[in-house]
Amino acid sequence: MATTTTLAPADDRIAGRKRSRSRSPDDDLPPQSRRRSRSPLPRVRLDLPKVQDVDPVRRAQRERELAARMAAVELEKASKPKEQDSVQEQAEKLAEFQKLVGNSRSGGVYIPPARLRAMQAAAAANDKSSQEYQRLSWDALRKSITGIVNRVNVANIKQVVPELFSENLIRGRGLFARSVMKAQAASLPFTPVFAALVAIINTKLPQVGELVLTRLISQFRRAFKRNDKVSLISLAPRFLYSSHVETVCHSSTTFIAHLVNQVVAHEIVALEILIFLLERPTDDSIEIAVGFMREVGAFLVENSPKANALVYDRFRNVLNEGTISHRVQYMIEVLMQVRKDKYKDNPIIPEGLDLVEEDEQITHHIRLEEELQVQEGLNIFKFDPNYLENEEKYKSIKAEILGEDSEEESGSEESSEEDEVEEQETIEDRTETNLVNLRRMIYLTIMNALNYEEAVHKLLKIQIKEGEEIELINMIIECCSQERSYSTFYGLVGERFCRLNRVWMECVEQAFNNYYSTVHRYETNRLRNIARFFGHMVASDAISWAVLSCIKMNEDDTTSSSRIFVKIMMQEMMESMGLKALAERFKDEEVRAACRDMFPMDNPKNTRFSINYFTSIGLGAL
């Protein structure tokens, strides 16, 4: 029996099914409600200290005091791991940052700029003297100096200088020198402005002015020496390389000339450069010398008249020798005429830039042939162990230069916020800077669009003030006129604008009147593109045909340009609509009333002129 009972479950498992339960007589009855047994509450065992004392009251009090002290110790132990974890987390972030941008030759792995800034900020959050914090401040200093230098001009130089002094120019003097030299080389007409900016900074921080002058002289020397190697290169690259070297020499000498005019550099540097250029005359060297002499000649006439006379004698000898090309000879003759006119177009210091008192200026005596310390290391970031101390020193220097403390600055800013708001409300922009920026934005948007729908979509996003809608239409027409041949892209853009809002349609109609009245100012190709643009607009009914009322087809009120304009516009309309549909449209009562001056009936002479004109352009059916 035991064997049978033991094997039965095994057989059931082998069969793959459960054993059926034997039926009891109570199966038909509903199940009785069971009482769920409740588990006992867990007992909290507190290991309270035991104190041996005979007196029970005193023993209980001592036990309570001991328990309170132990609880305080446990709380302190529980709080310490959090602090340790935060320190450990900070160390892990720093280690990860060092690992990613580590000291490998390749500079570490690539990190997206946003993540790099976030990691630097996290690594430098608690320590302002850390390398990560200094790197962040260095990047901010570089961007700030570059932005300030790039926006300086004659009008705002007095406002820009305090902003520049508020940055650490002693730490960032290499950045300032590089920024001002790049900006000057990119825009030579603004050289007097940059020279005035360097002159102002040189009065307070002469090491900055000396560094700029040193780098300019070094750049001129390097560029001129490279020109000696040009003869080793083949003929085709020679002119490209020579023109680049000449451009660098020209920008450097122009900047040096204006620094001499501002008395930042001594005139001996200018004379050495002139002697150096005229010693072995070539076309390039004489061309650079002529440009340099035009800028610095007025200063040399006043301060070194004898040396100035010797320089012109040398120019005259070079002209008589005839070893240079006719083009450069003509440049020397023009320079002689400039000298006779007493440099009326090249003053020593232009108006509005004489901002430094003669007694305050510091002049640097740097020779052309001496060894120069350009300090290229100042352009790159270096860790400063005394960073906080140096920053505090510059704050005191800044307060001394600007003549005010930081507390006074903050107080004055808070007290004068309302005054500044009122002043800003009364400022009127007469330089049309905002208008120029708007036109530039519209031009770039049109040029970057792939199709006319994208162009319209992007142009509608531009914030245009009320009353400036005509500028958008004018820019579309100007862009159309600049194309070599007419593009339907501009016609479709103008048509879409007219169908979007009546304001744009009225602007196009106003533009038609303006362009027709000034059509004689445009050359033939621009006139052709403008006429086809308006022909498309009229033929597609984007604008009203009533705009044709300004056209008076007679011999007295038309010019050759206006007749060409009408001819091209009418031919564009005929190609779009067909001659039959165009003739039917002109028979409409409203159009006939608007175009009565195009087809005059009051004077036989004008009628004959109009008939002959439209017959000659192939539209006699009208």
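**Close-up views of the predicted model**

When neighbours within four places in sequence are set aside, the contacts of Leu388 are with Lys128 and Ser129. For the protein chain as a whole, residues 24 or more positions apart account for 74% of the contacts with a separation of 6 or more.

Val149 is found in helix H4, residues 131-150. Its relative accessible area is 1%, and the residue is therefore buried, the limit being under 20%. Beyond the neighbours within four places in sequence, Val149 is in contact with Phe176, Ser179, Val180, Ala183 and Phe194. Across the 622 residues of the protein chain, 37% count as buried.

**Packing of helices H23 and H24.** Two packed helices are described by the angle between their axes and the distance between the axes. Helix H23 (residues 560-577) packs with helix H24 (residues 579-586) at an angle of about 110 degrees, and the axes are 7 Å apart. H23 is therefore roughly perpendicular to H24, because angles of 65 to 115 degrees fall in that class. On the H23 side the contact is made by Met570, Met573, Met574 and Met577, and on the H24 side by Leu579, Ala581, Leu582, Arg585 and Phe586. By class, the contact of H23 with H24 comprises eight nonpolar residues, one charged residue and no polar residues. The protein chain that contains this pair has 26 helices and zero strands.

The structure holds 19 aromatic pairs. In one of them, the rings of Phe489 and Tyr490 are edge-to-face, with 5.1 Å from centre to centre and 85 degrees between the planes. Phe489 counts as buried at 17% relative accessibility, and Tyr490 likewise counts as buried, at 3%. A second pair, Tyr515 and Phe534, is tilted: the centres are 6.2 Å apart and the planes make an angle of 50 degrees. Tyr515 lies in helix H21 (residues 502-517) and Phe534 in helix H22 (residues 524-539), so this pair ties together parts that are 19 residues apart in sequence. Tyr515 is buried, with a relative accessible area of 6%. Phe534 is buried as well, with a relative accessible area of 0%. Ring pairs link Tyr515 and Phe534 with Phe512, Tyr516, Tyr522, Phe533 and Phe565 into a cluster.

**Asn513 in helix H21.** Asn513 is found in helix H21. At a relative accessible area of 36%, Asn513 is partly exposed. Apart from neighbours within four places in sequence, Asn513 is in contact with Val547 and Cys550. The C-alpha atoms of Asn513 and Leu548 are separated by 8.8 Å, and these two residues are 35 residues apart along the chain.

**Tyr343 and Gln375 in the loop between H13 and H14.** Tyr343 lies in the loop between helix H13 (326-340) and H14, and Gln375 is placed in the loop between H13 and H14. The phi angle of Tyr343 is near 50 degrees, a positive value in a residue other than glycine. Gln375 has a phi near 55 degrees, again a positive value in a residue other than glycine. Tyr343 counts as buried at 5% relative accessibility. Gln375, by contrast, is partly exposed, with a relative accessible area of 37%.

**Charge over a ring: Arg339 and Tyr312.** The charged end of Arg339 sits over the ring of Tyr312. The distance from this charged end to the ring centre is 4.2 Å.

Terms used. Residues numbered from 1 in each chain as written. Predicted model: local features only at pLDDT ≥ 70, side-chain atom pairs only at ≥ 80, totals over all residues. Heavy atoms only, no water. Contact = heavy atoms within 4.5 Å. Axes fitted to C-alpha atoms, helices over the stretch in contact; angles between N-to-C directions. Helix = DSSP H or I, 4+ residues; strand = E, 2+ residues; numbered from the N terminus. Parallel < 35°, antiparallel > 145°, perpendicular 65-115°, else oblique. Nonpolar A, V, L, I, M, F, W, Y, C, P; charged D, E, K, R; others polar. Phe/Tyr/Trp six-rings, centres within 6.5 Å; stacked < 30°, edge-to-face > 60°. Buried < 20%, exposed > 50% of the residue type's maximum accessible area, 1.4 Å probe, protein only. Lys NZ or Arg CZ within 6 Å of the ring centre and 35° of its normal.
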